[in-house]
Amino acid sequence: MLILGLNMFHADASAAIVHDGEVVFAIAEERLNRVKHYGGFPSLAVKACLDAVGARISDIDHVAVGQDSDANLAKKAQYALANPAKILNFIRLRRRKEAMRDVRSLLAKSLEVDPKELRFQEHHLEHHIAHIASAYYCSPWGKAAGFSYDGSGDFVSTMTARCEGNDIEVLDRVFLPHSLGSFYTMICEFIGYKKYGDEGKVMGLAPYGKDRYCEQVGGVIGLKNGGFQLDLNYFKPLGSNQGMQVLPDGTVRLARHFSDRMVKLFGEPREPDAKITQRDMDLAYAMQHRFEEVFFHLLNQLHTHVPAENLAMAGGCALNSVANGKLFTQTPFQHTWIQPAAGDEGLSIGAALHTYHSVLKQPRRYVMKNAYLGPEFSDSRIESGLRKANLRYHQLEREPLLEATAEQIAAGNVVGWFQGRMEWGPRALGNRSIVAHPGLPNMKDVLNARIKHREWFRPFAPSILAERQNEYFEHDHPSPFMLHVYKIRPEKREQLCAVNHVDDTGRLQSVTRDENPLYYDLIQAFERKAGTPVVLNTSFNENEPIVCAPQEAIDCFKRTRMDVLAIGPFLVLKTEN
Ligand SMILES: [Fe+2]
């Protein structure tokens, strides 16, 4: 049985294909059309899914969409009636949603087939149920608490659930305009980060701040009977577009979230290219601090209803790896399974698996053991790309390739590491990564000056051999998808200085040999040369979506001052080119 999952006409459009209950391929459209956070119809992703299983669209039994415009309709109407200026907007949005619901003709058109050939059944699933499904159904658990939170989806910002066997029972929803994600976005915008998806950057700024505004910022979002409530005086009304708009070309634009009350209290908002002041850092600090307080409050409440040790979590806010790293000490939950594509691209997987298990009642056998669900490319395709680019290269067997690459990293060179299937989700996890020495004090500056051009305050992440985690970090819960930040042990901070953030933490990826044997062996080879079972890992890209195909990696290598490219079995040195 083939199920195609979709996230469409929404930020981070994506497609995933589930074959007899197993997710065999999944990809966000941005990786293929190269438009970051693309929010149109994922035509290329659908084609890639079908190619991956050698199927045609007429072979698909079910199509599941992680969005249901009929969900929470009463709440939406109630909000529109209370905000008359928004009614027209609301009606316009409903019309657009109706048009987009015609999945059959959209698929037929994009794949150039006769709609009569399509025999699939169509399913629409509420946004946050799809998020929770994307975590729970990929986890190894038969029982867990389910939690999803983000800016908004189907008029909801937060959902809690009891997950057991095949069932996800929704316990509670927080409706718009109250949203922890919008709270975070509003302050990020105020301090000059106005693009969709910028929130992750500001998380790195928070530890540079001091506890100056915690009390005031605490007033922006109050705790309430197990939930929370925004003080709407700080916000512009979000309207029915829920604060975010997908433009006709598929790019995503954020509406201004903050009101003049923020300006009155904190002064003029920062312009994106202006210098970051202590005020901005202190606001980032207060924002992260309050975010965590509300998050832990919600989880503690959830635990009273579902007293489990296991927490299955997704939603864009679940990418807040700093909060994730602290939840083991702040809540009773002991184990997390967080969907690597916790943002909205993950909805395609969630909707597809929900159809399989909850709608069709098929048994659970699948566990997502790694995030390498994207495309891979043959050696001959890579080699022809290198030839076309007029690059000199060496073809090596596995062991010599690992030895030579580890040698280059140990010598302080920056290596583009392109291997196997592309990662699913926003993190590079050792298949589309730039790797470097974690213990060289200038490595962060080198990477920023030569390739990444990131804000000075953003840390780089470590990949560590999983069984050595406890030696280097103060917490040993695994972090296979780079979704937890832990303190680095004092005696190891110098050894990891290029990945040690200002608050002595690191957003680690714990790597097992089972998940990624080649990457694991590379880190081990590096340890033999440099004495540290850790490499610095940052995504393989330069202000663009992470590279997907060999040509994008080769272009990035040529365009930037990357020293080495290890792509498939080929090693390319800048000094020889
Ligand atoms: Fe979402």
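What arrangement do the four donor atoms around the iron ion make, and what angles do they subtend? The points below take up this question and then other parts of the structure, which is a predicted model.

1. The iron site. The iron ion is coordinated by the NE2 atoms of His127 and His131 and by OD atoms of Asp150 and Asp344, at 2.0 to 2.2 Å. The angles subtended by the four donor atoms run from 87 to 162 degrees, which makes the arrangement irregular. For comparison, the ideal angle for four tetrahedral donors is 109.5 degrees.

2. The donors along the chain. The spacing of the donors of the iron ion is H-x3-H-x18-D-x193-D. His131 belongs to helix H6 (residues 127-136), whereas Asp344 is in the loop between strand E14 (335-338) and helix H13 (347-359), so this pair ties together parts that are 213 residues apart in sequence. His131 and Asp344 are both buried.

3. The Ser134 side chain reaches the backbone oxygen of His131 at 2.6 Å. Beyond residues up to four places away in sequence, Ser134 touches Ala314, Trp337, Gln339, Gly346, Ile349 and Gly350.

4. Helix H11. This helix covers residues 278-305, a run of 28 residues. From its first C-alpha to its last, H11 reaches 41 Å, close to the expected 40 Å. Because 20 of its 28 residues are buried, H11 is largely enclosed by the rest of the structure.

5. Side chains of opposite charge can pair when their charged atoms come close. The count of salt bridges in the model comes to 28. In one of them, Lys194 pairs with Glu271, with the closest N and O atoms 3.7 Å apart. Lys194 is in the loop between helix H7 (180-190) and helix H8 (199-203), and Glu271 is in the loop between helix H10 (260-266) and H11, so the pair ties together parts that are 77 residues apart in sequence. Lys194 counts as partly exposed at 37% relative accessibility, and Glu271 counts as partly exposed at 43%. Another salt bridge joins the side chains of Lys201 and Glu455 at 3.5 Å, N to O. Here Lys201 lies in helix H8 and Glu455 in the loop between helix H16 (443-452) and strand E18 (461-465), so parts that are 254 residues apart in sequence are tied together.

6. Further charged groups. Arg468 and Glu471 meet through their side chains in a salt bridge of 2.8 Å, N to O. Glu471 is partly exposed, with a relative accessible area of 36%. A network of salt bridges links Arg34, Glu542, Glu544, Glu552 and Arg559.

7. Two buried loop residues. Leu373 is found in the loop between H13 and helix H14 (379-388). With a relative accessible area of 5%, Leu373 is buried. Its contacts, leaving aside neighbours within four places in sequence, include Val23, Phe25, Ile349, Met368 and Trp424. Thr560 is in the loop between helix H19 (550-559) and strand E22 (564-567). Thr560 is buried, with a relative accessible area of 5%. A polar atom of the Thr560 side chain lies 2.7 Å from the backbone oxygen of Cys556.

8. Backbone geometry to check. Most residues other than glycine have a negative phi, and most peptide bonds are trans. The peptide bond from Leu176 to Pro177 is cis, with omega near 5 degrees. Pro177 is in the loop between strand E8 (167-175) and H7. Asp12 is not a glycine but has a positive phi of about 55 degrees. Asp12 lies in the loop between strand E1 (2-7) and strand E2 (14-19), and it counts as buried at 9% relative accessibility. Asp504, likewise not a glycine, has a positive phi of about 60 degrees. Asp504 is in the loop between strand E19 (484-487) and strand E20 (505-511), and Asp504 counts as partly exposed at 23% relative accessibility.

Notes: Residues numbered from 1 in each chain as written. Predicted model: local features only at pLDDT ≥ 70, side-chain atom pairs only at ≥ 80, totals over all residues. Heavy atoms only, no water. Donors = N, O, S within 2.8 Å, 3.2 Å for Na, K, Ca; no water. Tetrahedral: all angles 85-135°; square planar, octahedral: opposite > 155°, others 65-115°. Helix = DSSP H or I, 4+ residues; strand = E, 2+ residues; numbered from the N terminus. Buried < 20%, exposed > 50% of the residue type's maximum accessible area, 1.4 Å probe, protein only. Polar contact = N/O pair within 3.5 Å; in protein donor to acceptor, adjacent residues only side chain to side chain. Contact = heavy atoms within 4.5 Å. Expected span 1.5 Å × (residues − 1). Salt bridge = Lys/Arg side-chain N within 4 Å of Asp/Glu carboxyl O.
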